[in-house]
Amino acid sequence: MAEEKKKKRVGIVGFGNLGQYLYEAVKAHEDYEIAFVWNRTLDNLKGKIPANFVLEDLGQFASRNPDVIAEVAHPSISAQYGPLFLEKADYMVGSPTALAEQHVEDRLRQAASHHGLYIPAGALWGGGDIQKMADRGTLKGLKITMTKHPDHFRLASPLKEKNASVTDKAITLYDGPVRGLCPLAPHNVNTMAAGAIAAHNLGFDKVKGCLVSDPSLTEWHHVEVEVIGPGDHEAGKAFSVNTLRKNPAKPGAVTGSATSVSFLSSLLRAHDMGPGVHLC
Ligand SMILES: NC(=O)c1ccc[n+]([C@@H]2O[C@H](COP(=O)([O-])OP(=O)(O)OC[C@H]3O[C@@H](n4cnc5c(N)ncnc54)[C@H](O)[C@@H]3O)[C@@H](O)[C@H]2O)c1
């Protein structure tokens with residue numbers, strides 16, 4: 001008789017839009033099974049998932065023997081639990097803006113010595129190519145510009161007030177290092193954080209992020225990636241790549257509809273790449 005293939009056990013941290021999507025997709029996948037689901041408020045899980053999947057205390061995650069843990073809750077989870085997760089399992093960080101805090105990035109990179117730290121590419125196009133250039137030191141510049149309708153942002157002050165002042169014209173809310181932007185727009189700039197992690201020779205201080213609030217963009221999220229490589233920039237003879245990704249989004253949605261699907265693909269790739277940091 002053929003030996004039954006061992007299913008990969010997935011722990012899901014957070015049961016909002018992405019958590020619920022991943023839960024259903026993992027349950028339906030023949031090679032995967034649920035190890036646990038944790039949510040800050042247990043009431044959100046009651047009646048939605050069988051009791052044996054519910055993990056009440058996230059500190060007890062190891063008792064469920066997960067192979068991979070997916071964080072889809074909040075950046076604070078990585079600071080508190082990321083290194084612990086990485087002692088026991090692969091860890092996919094759904095909120096990579098957490099790594100804009102240098103000590104969190106340092107601790108996670110250090111902890112990824114037995115298992116892999118996986119960063120979902122999100123809406124970042126060409127992340128693998130950017131990482132390859134960073135590995136060789138040929139990446140000279142990276143700028144990521146995200147343009148959305150004002151209702152599609154969830155921002156902290158002072159960007160919140162600036163966004164509220166948008167009427168009929170597009171306004172640039174921020175243009176500068178990604179590190180400074182992450183705490184002001186943690187839910188909107190995960191893609192920029194993934195870019196700063198891929199572009200590790202530049203990092204969060206040298207990768208530029210630009211956030212534009214555009215009232216005419218009612219049904220789309222735009223992500224523009226500008227990569228600069230070696231060459232003579234002044235003479236216009238430098239290597240460069242520019243991409244523009246247009247993602248349909250429901251009015252008012254922070255997460256574009258293509259994102260959940262892309263997120264699932266990332267989770268299904270988040271294994272067997274060994275220790276270290278991997279874009280997936
Ligand atoms: N990497 C990417 O490309 C990408 C794309 C979309 C969303 N995200 C991130 O993934 C996470 C989940 O997104 P979503 O659309 O499912 O969000 P959501 O708001 O629908 O769900 C978030 C869940 O996390 C819980 N939560 C909120 N704050 C928390 C905290 N401080 N501690 C613990 N739990 C907390 C909420 O109760 C909720 O269950 C967010 O951080 C979001 O920024 C990443």
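Visitor: What should I know about the model and its numbering?
Guide: The model is predicted: local features need pLDDT of at least 70, side-chain atom pairs count only at pLDDT 80 or more, and totals for chains, interfaces and linings use all residues. Residues are numbered from 1 along each chain as its sequence is written, and side-chain values use heavy atoms, with hydrogens and water left out.

Visitor: Where do the domains run?
Guide: Bounds come from an automatic or database domain assignment. Here, domain 1 covers 8-123 + 260-279, and domain 2 covers 127-254. Their C-alpha centres lie 25 Å apart. Contact means heavy atoms within 4.5 Å. Domain 1 gives 18 residues to the contact and domain 2 gives 17.

Visitor: How is the size of an interface given?
Guide: Often as the accessible area lost when the parts come together. That area uses a 1.4 Å probe and is summed over both parts. Between domain 1 and domain 2 about 1,400 Å² is buried, 63% of it from carbon and sulfur atoms. On the side of domain 1, Thr97, Ala123 and Leu279 lose the most area, together 42% of what that side buries.

Visitor: How many salt bridges are there between domain 1 and domain 2?
Guide: A salt bridge is a side-chain nitrogen of Lys or Arg within 4 Å of a carboxyl oxygen of Asp or Glu. The count here is zero.

Visitor: Which elements give two or more residues to the side of domain 1 that touches domain 2?
Guide: Helices (H or I, at least four residues) and strands (E, at least two) are DSSP runs, numbered from the N terminus. The elements are α3 (102-111) and β11 (276-279). The largest share, three residues, comes from α3.

Note on methods: Buried area = accessible area lost by both parts, 1.4 Å probe.
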